[in-house]
Amino acid sequence: MSGIEPDTKDWTWVLTRACPDCGFDPARVHPTGVAGRIRRDAAAWVTRLAQPGVRTRPAPGVWSNLEYGCHIRDVHRIFDHRVQLMLTETDPRFPNWDQDATAIEDDYASQEPAVVAGELCAAADLVAGRYDAVTGDAWDRRGLRSNGSEFTVATIAVYHLHDIVHHAWDVAREEPPNR
């Protein structure tokens, strides 16, 4: 995992304006539509993770499709836990997650692509089901990141969706043209 620059940006701005990179526009997303988009994205990862060269980094400092797939799997798991906290506790503080440390500790590059695909789909289905079950005022329940950033279930759903849309864009722009 060496050679990857840790991401230290605060991406919460994607809740209020379109992402200039991937084109994600939060104004065009309703939280009740996030679950379906998560499931569709997971299906696309099954295809990506079955491609030849899945372990190959397209450039120095850029994750391979396998490493991105591991990350997306873990993103779904983290968001599922955070939404669960928001739905069961009053104003919970989310535990910190160092995505870069996780990538190294879990050795993303050496994981089995087919296993990752299955785990990613299972994690996506679990969190999508959690979003599907949210009704009424539960969308307004709050949670806080350790840096004080406040989310509601509705805004964390949109934030979550941007994360996976952005990484699908990352992978698409890094793929060789004749793949």
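Mentor: The answer below moves from the whole chain to the requested part and then to a few other places.

This is a predicted model, in which local features need pLDDT of at least 70 and side-chain atom pairs count only at pLDDT 80 or more, while totals for chains, interfaces and linings use all residues. Residues are numbered from 1 along each chain as its sequence is written, and side-chain values use heavy atoms, with hydrogens and water left out.

The protein chain contains five helices and two strands; helices (H or I, at least four residues) and strands (E, at least two) are DSSP runs, numbered from the N terminus. Read from the N terminus, the order of the elements is α-α-α-α-β-β-α. The C-alpha trace spans about 45 × 30 × 30 Å along its principal axes. The radius of gyration of the protein chain, 16 Å, agrees with the value near 16 Å for a compact globule of 179 residues; this radius is taken over C-alpha atoms, and the globule rule is 2.2 Å times the number of residues to the power 0.38.

Of the 179 residues, 44% are buried. Buried means under 20% relative accessible area, exposed over 50%, and partly exposed in between (1.4 Å probe, protein chains only). Among contacts with a separation of 6 or more, 75% join residues 24 or more positions apart, where contact means heavy atoms within 4.5 Å.

Now to the requested part. Helix α3 covers residues 99-105, and Thr102 has its place in this helix. With a relative accessibility of 13%, Thr102 counts as buried. Apart from its neighbours within four places in sequence, Thr102 is in contact with Asp74, Trp97, Asp107 and Tyr108. Glu105 also has its place in helix α3, but it counts as exposed because its relative accessibility is 63%. The C-alpha atoms of Glu105 and Gln84 are separated by 25 Å, and the two residues are 21 apart along the chain.

Asp91 is in the loop between α2 and α3, and Asp107 is in the loop between α3 and α4 (113-132). Phi of Asp91 is near 45 degrees, a positive value in a residue other than glycine. Phi of Asp107 is likewise positive, near 45 degrees. Asp91 counts as partly exposed, at 35% relative accessibility, and Asp107 is partly exposed with a relative accessible area of 37%.

Two further places complete the account. Glu67 lies in helix α2, which covers residues 65-88, and it counts as buried because its relative accessibility is 1%. A polar atom of the Glu67 side chain lies 2.7 Å from the backbone nitrogen of Ser64. Asp137, in the loop between α4 and β1 (142-144), is exposed, with a relative accessible area of 63%.

How values were computed
Polar contact = N/O pair within 3.5 Å; in protein donor to acceptor, adjacent residues only side chain to side chain.
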